[in-house]
Amino acid sequence: MTSDRMTVRTALETLLAGNRRFTAGTPEHPNQDAARRAATAPAQSPFAVLFGCSDSRLAAEIIFDRGLGDLFVVRTAGHVVGPEVLGSIEYGVDVLGSPLVVVLGHDSCGAVAATRAAVQDGTTATGYVRDVIERVTPSVLASRAAGHTEEADFIDTHIQHTVDLLLDRSRALAGAVDAGHTAVVGLSYRLADGTARLVTARGLDLPVGSPA
């Protein structure tokens, strides 16, 4: 199924249906054969842009049971946002026509844990890891200010802040959401059971806080 055949809601439903298959241990491995490889060689039309953490346990096509040409994946440690990320997401939406953008965070996130330690203890990292921590710091400070103490709350706040930051900094993405062409959702992934929980949604009216 290509993006020009999908509505925003259908794109999200397709993604979450794949996650349910993955967690149930009944993956279908769609679009992973030679025919799909040949069909997508001339061009791509992914139905979702997935911006997630670089964590090796967060392989998008596996945990959402998708295949070649389905997802346009952008990954950074702690899903921190920079110009390259914004340009990649805008490319997926404006050029490739993806109707859905997903920010994917997860529990036991090393970037969030390192940032919490830096804020609490004044510890510092070396090299460009420090830049990652600096970009996660606003999320950690906001979560602390809200009185949060649980890891899940810090993760959710960081996911929410990332969604807000994408829309604040990208006029193209915000315009696509306002026009109803695209939605941006934030999901939190649990490493132990493989489930993806909806944290926030912009451009779709969806209940949050429960398994997606």
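At what angle do the axes of H7 and helix H8 cross, and within what distance do they come? I started my notebook there. I am working from a predicted model.

**Entry 1: H7 against H8**

I looked up the two axes. H7 and H8 (residues 171-178) cross at roughly 100°, and their axes come within 5 Å. Angles of 65 to 115 degrees count as roughly perpendicular, so I logged H7 as roughly perpendicular to H8.

Next I listed the contact residues. On the H7 side I found Leu166, Leu167 and Arg169. On the H8 side I found Arg171, Leu173, Ala174 and Val177. I sorted the residues of this contact by type: five are nonpolar, two are charged and none is polar.

**Entry 2: H7 itself**

H7 covers residues 151-169, which is 19 residues. I took the span from its first C-alpha to its last and got 27 Å. That is close to the 27 Å expected at 1.5 Å a residue.

Which residues of H7 are buried? I noted a run from Phe154 through Ile155, Asp156, Thr157 and His158 to Ile159. Thr162, Val163, Leu166 and Leu167 are buried too.

An α-helix has 3.6 residues a turn, so residues three or four places apart point the same way.

**Entry 3: aromatic pairs**

How many aromatic pairs does a search of the whole structure find? I got one. The partners are Phe72 and Tyr91, with ring centres 5.9 Å apart. Their planes make an angle of 35°, and the pair is tilted.

I then placed the partners. Phe72 sits in strand S2 (residues 71-76) and Tyr91 in helix H4 (residues 83-95), so the pair ties together parts 19 residues apart in sequence.

I also checked accessibility. Phe72 counts as buried because its relative accessibility is 16%, and the cut-off for buried is under 20%. Tyr91 is at 38% and counts as partly exposed.

**Entry 4: positive phi**

Most residues other than glycine have a negative phi. I looked for exceptions and wrote down two entries.

His29 is not a glycine, yet its phi is positive, about 50°. I found His29 in the loop between helix H1 (8-24) and helix H2 (34-40). With a relative accessible area of 47%, His29 is partly exposed.

Asp65 also has a positive phi, near 50°. I located Asp65 in the loop between helix H3 (60-63) and S2. Is Asp65 buried or exposed? Asp65 is buried, at a relative accessible area of 1%.

Conventions. Residues numbered from 1 in each chain as written. Predicted model: local features only at pLDDT ≥ 70, side-chain atom pairs only at ≥ 80, totals over all residues. Heavy atoms only, no water. Helix = DSSP H or I, 4+ residues; strand = E, 2+ residues; numbered from the N terminus. Expected span 1.5 Å × (residues − 1). Buried < 20%, exposed > 50% of the residue type's maximum accessible area, 1.4 Å probe, protein only. Axes fitted to C-alpha atoms, helices over the stretch in contact; angles between N-to-C directions. Parallel < 35°, antiparallel > 145°, perpendicular 65-115°, else oblique. Contact = heavy atoms within 4.5 Å. Nonpolar A, V, L, I, M, F, W, Y, C, P; charged D, E, K, R; others polar. Phe/Tyr/Trp six-rings, centres within 6.5 Å; stacked < 30°, edge-to-face > 60°.
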